[in-house]
Each structure stands twice: as C-alpha cells, then as structure tokens.
Amino acid sequence: MLDSSPAMKRVFLETYGCQMNVADSETMAGVLEKAGLTLTDRPEEADAVVLNTCAIREHAEQRVLGRLGEFARLKQRNPRLVVGVAGCMAQHLRKRLLDSRSRVLDLVVGPDGYRRLPELLQRAAREPVAEIRLDRDETYGDLEPKREPGVRAWITAQRGCDKFCSFCVVPYTRGRERSLPLEDLIRQVEGAVASGYSEVVFLGQTVNSYHDRTHDFADLLRAADRVAGLKRIRFTSPHPSDMSDRVIAAIAECPRVCPQVHLPLQSASDRILESMRRPYSFAEFTEVVRRLRSAIPEVALSTDVIVGFPGEGEPEFQATASALREIRFDSAFLFKYSARPDTRAWKWEETVSEDEKGRRLAELIELQHGISGEIHDAWLGREVEALVEGPARRDPGQLFGRTAQFKAIVFADDGTPAGALKRLRVVGATPVTLFGEPIATRAPGARVTIR
Ligand code: 5AD
Ligand code: SF4
C-alpha cells in the first residue's frame, strides 16, 4: 500500500516545566533520532512542533497556551505543520483536540506514550491523534536518551507519584510511582561518564522512595558512587517522609554524593499540612532536618513552600515564616497556591485572595533573600571546590561553576575546562552568587618549611 502521508522529517521540540520534563524530552529526542527523524531548533523549518508541557500551576499552562497561539499562526502559513502537545497538559488538552472546530492541535501524547512518538506523528499528519493512556509499567529504561550537552546528565530513576497531596496534579498527569531497575540506571550513569558528563542527577517525584523490588535509594546512591570517572552525584526531589537512616547514611558516606538536599516543606502549620495530605507534622520535618544536619557536615538545604492554600490564615502563614527563620534553608522555591483540576483541593473554596497571596509571597521572598544572603556571606574567605560548567552568562571573561552545595560561583577565566573541578577561595557573595579566586597551588617540587 502506498503511504499518502507527507514526509515527516524535521521536528521542533520545546520543553516547559521541571527537570523531569527536560529528561523526558531527551528520551523523545532519542526515540525520534533512532527512527530517522532530525531535530531542528527552527519551528518555521519543521514538519512537526511538539511542546512538552507542565500543568503544575495555572501560570505554566497559560505560557504553553500562549505558545500554541504562535504555532496556530505558523500553521495558517503552513497547513501541513503537525502541532503536538506532550507531557502533563495532555489530559486537559485532549478535550480541545477533539472538540475544537478550528483545530490547531493534531497530537496529544501523555508522559507514557513517548516510545511510539515517531509513529504517532506520522498518523497525526493525517488525522487527530490522542495517546494519553497512563501505563503502570512504562519506565523507558531500555531507551537511549539524546542528552543535552553540558557537564550534568539528568537520569530519571523513578516515574509518577503515589502521594496524592491534595494540591498536586502530578499523580493524575504522570500516573503511579514506578522505579527503573538499578542495573539500567547504573548502565546509564556509565554511559553518561563515557560521553563526558561529570555529574549525574537522579530524578523522581519522590526520588528517595525509589525501590526496584530489590534495591532502595541508598543502594542506588552507593552503586553510582562506585562508577569510575564520575565526579558528582545529586538527586531531586526527595520526600521528607522517605528520608530513611539508610538514605541519610548513603549521602553522608559516599564521597561523590553532594551535600545538598532539596526538602519540600510546603507549610509549617500542622493543620494546613494535614489538609494538604502531607504525611508529616512540622516537628517531624524538623527532626528530618536535624538528622540530615548531624550526619552530613555543611549540607545545603532548600525547600518548596506554597502560600495561600485554602484555610491558611495569618497565624498559619506566620508559622511558615517562622519556620524559614528557624530552619534557615539555603534557598527556597516559593509559590502562590494555584487550584488544579482533578485534585482534591480543586473543589475547596479559596479563602485567600490573589492580593493576599501576593503579599504573603512577597514577605517570604524578602525574608528568604535575607537568610540566603547571610548564609552566602558566611562562605566568604572559605575554600570551595567548583565543578566548572563554562563561560558565565553575564560576563564571558569569567567562568561559571557550582560548589558541592550547588551554589553558583563565578571566577576569572583561567582556562579551566568545563567538567573539571577547581579549588577556589570565596572572595565575594550576593544572595544568589558567590565570587571566587583560584587558590594558589605550590609549584611542583617546591618545599614549604615550617619552623
Ligand atoms: N499550587 C502551587 N504550587 C504547587 N506545587 C505543586 N502543586 C502546586 C499548586 N497546585 C509546588 C509544590 C511542589 C513544587 C514542585 O510545586 O511546592 O513541591
Ligand atoms: Fe505532587 Fe505531593 Fe507527589 Fe510531590 S509528593 S509530586 S507534591 S503529589
């Protein structure tokens, strides 16, 4: 039979949202190239454009809808352009795909449909296609991602989430939690090292609940730590309730696992935590912080906080502000609550106005800015080791790197190649960036006499 569909050759792929989506796009890029398609960074030259989308807050969805408007105009000029949406908005957009008369979208594909992307794109050139089934077993463990160049390789260790926090859409958009086999992950780490990456970051919605039926997350960290040639290991995001002693010991004992943990608090009011369905009290959270700090010297902690959740009055909000002052996180991602369809909290009445959410957010941003600044100032004069990433964005005469604590550090370009570790002394600090100077190393053979 003759295939009458137009040739599908070039695909433009754009990513929104979290690192998990970045890693998923790398999986999609690998699948597309293996099928003989090429990726282009110019949508106007593409046969298909695919947006990998995020649904975590309404603002993220608005950005994607704006971008789809631009592609609608492109499609008017080139009616054969296939417009696809992948990722977490697929469920919501399916209705639009099927309903809309002046159709822009040709394909919606959910997070478990990427294996068949080339075939779905070909079909979408002829008829609208929706592939949004969630698959309890899909891990893409056998697929070869096409990684973005850089010093850091993102490796998905676990997909989906079983926690069902009442505000969060992820369990609905990404489905049930499943872990990749440890052997597959270590093979990916070895592959990343062979391709020249210095650092790996294990990804999962609650990555420390990783379990492949034989190994837990501590086993994964210890196995990765033994991979020759790998310089650094990180992971994101762990869940406070899954921070077992075994995991803490692995972080503490593995020299390549960086002393940096992102620990989402969300709120410090026990009443709000309960209605958020977070399975810990504030006291239990601080106990996790205490165990981390006592086991891992110099550990940097960051967090996520939501303000304006239904029922959050001034006292509950102030409890969260005090918690930031008490715990002193190195940094915090602070969000205004955004009601999401499908979630438990979606139907709850919003009790905090947009203006009030804005005020609370601004208060926390200012508070955290001060704390981050003080923590950075305390690094002045100290020695750190930076993994060099390349020229600094603002000043190409400077190099940019990250300390073990994941702090951005900038120093004069002395020819250190990307991917190398460099010892620096901290000579300047702002709340977001450290400034370093190379530490003078003794000439080979020079003797130091100590009297
Ligand atoms: N509204 C605001 N923030 C949210 N997050 C998740 N869902 C929502 C929502 N509906 C935040 C949480 C989570 C981070 C990734 O995004 O703080 O830890
Ligand atoms: Fe969402 Fe909660 Fe799962 Fe995190 S743990 S992805 S906030 S449901």
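Modeller: A crossover counts as right-handed if, with the strands pointing away from the viewer, the path from the first strand over the helix to the second runs clockwise. Helices (H or I, at least four residues) and strands (E, at least two) are DSSP runs, numbered from the N terminus. This is a predicted model, in which local features need pLDDT of at least 70 and side-chain atom pairs count only at pLDDT 80 or more, while totals for chains, interfaces and linings use all residues. Residues are numbered from 1 along each chain as its sequence is written, chains are lettered from A and ligands numbered from 1 in the order in which they are written, and side-chain values use heavy atoms, with hydrogens and water left out.

Biologist: Which unit do β1, α1 and β2 make?

Modeller: They make a β-α-β unit, and it is right-handed. Strand β1 covers residues 10–15 and runs parallel to β2, residues 38–39, with two bridges joining them. Arg 10 is placed opposite Thr 38, and Val 11 faces Leu 39.

Biologist: Which strands belong to the open sheet, and in what order?

Modeller: Six strands form it, in the order β2-β1-β3-β4-β5-β6, with parallel pairing. Two strands pair if DSSP finds at least two bridges between them. The edge strands, β2 and β6, each pair on one side only. Between β1 and β3 (residues 48–53) there are five bridges, and Thr 15 stands opposite Asn 52 in β3.

Biologist: Which residues lie nearest its centre?

Modeller: Ala 23, Thr 27, Pro 145, Thr 156 and Gln 188 do, out of 16 residues in the lining. Helix α1 contributes the most, four residues. The lining divides into seven nonpolar, five polar and four charged residues. Here Ala, Val, Leu, Ile, Met, Phe, Trp, Tyr, Cys and Pro count as nonpolar, Asp, Glu, Lys and Arg as charged, and the others, Gly among them, as polar.

Biologist: How many salt bridges does the structure hold?

Modeller: It holds 45, each being a side-chain nitrogen of Lys or Arg within 4 Å of a carboxyl oxygen of Asp or Glu. One of them pairs Glu 26 with Arg 147, whose closest N and O atoms are 4.0 Å apart. This pair links distant parts of the chain, 121 residues apart: Glu 26 is in α1, and Arg 147 is in the loop between β6 (129–131) and β7.

Biologist: What is the phi of Arg 213?

Modeller: Arg 213 has a positive phi of about 85 degrees, although it is not a glycine. Most residues other than glycine have a negative phi, and most peptide bonds are trans. Arg 213 is in the loop between β10 (199–203) and α7 (217–225). A cis peptide bond joins Thr 236 and Ser 237, with omega about -10 degrees.

Note on methods: On a 1 Å grid over the protein atoms alone, a cavity is a set of points where a 1.4 Å probe fits but cannot get out, and a pocket is an open set with protein on both sides within 12 Å along at least five of seven lines; lining residues have an atom within 4 Å of a point.
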